[in-house]
Amino acid sequence: MSWRDLMCGEPRSADIGKRLSLAGWAGRRRDHGGLVFIDLRDHTGICQVVVNPEHSPEAAEAAHAVRAEFVLRAEGELVARAPDAVNPGLPTGEVELQADSLEIVSRSEALPFQIDDEGVEEETRLRYRYLDIRGERMQRNLRLGATVISAFRRYMESLGFVDVWTPMLTKATPEGARDFVVPVRLQPGKFFALPQSPQLFKQVLMVAGMDRYYQIATCIRDEDLRADRQFEHRQLDVEMAFPTREDVWEVIEGAVRGAFEALGREPPAQPFRRMPWQEAKARYGSDKPDLRFDLEISDATETTRESEFKIFADATCVRFLRVPQELSRAELDRLEERAKQWGGKGLAYLVFDEEGEVRSPIAKFLSEEELAVFRGEPASTVLFGAGEPELVARVLGALRQQLGRELGLIDEERDEFLWVTDFPLFEWSEEEGRWVSEHHPFTGVRPEDEELLESDPGAVVSQSYDLVWNGWELGSGSIRIHRQELQERVFRVLGISDEQAQARFGFLLEVMRMGAPPHGGFGFGVDRFLALLAGEPNIREVIAFPKAASGSEPMTGAPTTLPDEQLTELGIRVVDVGQRKGHTSWSTQ
Ligand code: ASP
């Protein structure tokens, strides 16, 4: 006996007359007082099974007992449906299986929700993930993911990249998040860190002569969960020896194109657009601008230097957005609230009505020359940001994004890939009172800026780049530091003493002394890419068993406490550090 001869979605007219077994889940069941119709379903589709009590009384008895999501095996002849029963909407709609045996293979309790019901709360979907995955949406998304990852592998291997596995239990790899740590029973008091990325291993592999490395790597970071962020995510992790950054971009662009092709979609044109970070910030107020709509930010710092409007005259930077619509008072109030959320003090504006007349509390302070610069089409609005460049970019960038959405300016048909290049190497952290890496501490320095490292760290441009798709950051990479003395200088700027550097990254400094070739690469966020390809609003929809927004895994109930014996064995005592976001945290003593 074989369980099934065809998948449920496969029978066609050409199979009429064949004896077949089909197996799957019971979908809709219609009992016509005698004849029973059951939709037998698997991931390929549905085939209608008909049970006729006259034809097979035993099968009919089983059919009466069938409930939703029972697992069934039906055997019988595939027949043509009566002409008026043909369902043109279903690939198997011309045929049905006339069952002479129907076996209930497995029963199901009443379900907490119907398969493919679209209105189910996410927490419930995650709690019963197996039912959720049985539905069409998750089936489609997980299969799409598998297609893309397999295309990545074929493509990378065709270019001579070698898949090398790197450890899960390792030492901290700083990517700007906290580490998840694992206690070690054999060495009480010591901990492994789970990798935030395989960054250091892939660099070591380049020194080790592997030349071209890739891996579909799991990266684990303890940070707050968001639509595009989980504790765990997958990267197409890449490293190359002797690359220019253009070489890296070409490889990654090819991977993106290969994924589109594997899904039967028109791939984006190569090369992708490129834009220095500085320009992205100035024109779009973001280091991951969505280029599917224009709404660019313009600079007015020079124009307003002598302004009678003191706020403009005194600001380090004045910029504005020209919105192609006459915004109402209520809309402006709402946008002002938004601007304040992003750190702005208020929102200065000029509204030009249908006649081109200006309406604004600040118009009286502006000269004719200033107004002439800002004047746009009739029925438009100018929104200003004034202050430090970083703040102005943040506020206007957020407003731009919001208005792009609300005013329907985003062309959903368009795909805009963009390399953002030339990030600063460091960023000043007010909180920590020191320079921190904009990416990670192994990012290369633009050669002409090396001399500024100690004297003007904020001005140093790095050799890093991000890939952005329609406003989502898909990943980052860089040409790395491969010289020990330069790496040590960067550590020092970061406030890492030579002793600390030795303790944390001694092995890296050591390999840099033993024939390190120039190298560089990229970490490509697979889950974000898949979510966008699948048209999903968040990465949980493309991950089989994601964490809920609370950070827990609702199906298994993880994380959990551990039995005392296990803690003792690990040399760990749990102390109360209070509740963090609804969960007990633990530390060691
Ligand atoms: N390891 C980096 C990251 O996870 C990517 C890279 O620089 O290759 O962001």
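Reply: In this predicted model, the ligand is surrounded by Glu 175, Ser 197, Gln 199, Lys 202, Arg 221, Gln 235, His 440, Ser 476, Gly 477, Arg 480, Phe 522 and Gly 523, where a residue is taken as near if one of its heavy atoms lies within 4 Å of the molecule. Residues are numbered from 1 along each chain as its sequence is written, and side-chain values use heavy atoms, with hydrogens and water left out. Because the model is predicted, local features need pLDDT of at least 70 and side-chain atom pairs count only at pLDDT 80 or more, whereas totals for chains, interfaces and linings use all residues.

A nitrogen atom of the ligand is 2.6 Å from an N or O atom in the side chain of Glu 175; for the side chain of Ser 197 the corresponding distance is 3.1 Å, and for that of Gln 199 it is 2.6 Å. Taken alone, the ligand exposes 270 Å², of which the protein buries 94% (accessible areas come from the Shrake-Rupley method with a 1.4 Å probe; for residues, only the protein chains shown count as cover). The elements that give two or more residues to this shell are α5, β21 (472-479) and β22 (519-525); helices (H or I, at least four residues) and strands (E, at least two) are DSSP runs, numbered from the N terminus.

Gln 199 belongs to helix α5, which covers residues 199-207, and is buried at a relative accessible area of 5% (buried means under 20%, exposed over 50%, and partly exposed in between, with a 1.4 Å probe and protein chains only). The side chain of Gln 199 also makes a polar contact of 2.9 Å with the side chain of Gln 203, that is, a pair of N or O atoms within 3.5 Å; within protein, one must be able to donate a hydrogen and the other to accept it, and residues adjacent in sequence count only if both atoms are side-chain atoms. Leaving aside neighbours within four places in sequence, Gln 199 is in contact (heavy atoms within 4.5 Å) with Glu 175, His 440, Phe 442 and Arg 480.

Phe 201 lies in helix α5 as well, but is partly exposed, with a relative accessible area of 27%. With neighbours within four places in sequence again left aside, the contacts of Phe 201 are Thr 166, Pro 167 and Thr 170. From Phe 201 to Ser 158 there are 43 residues in sequence and 23 Å in space, C-alpha to C-alpha.
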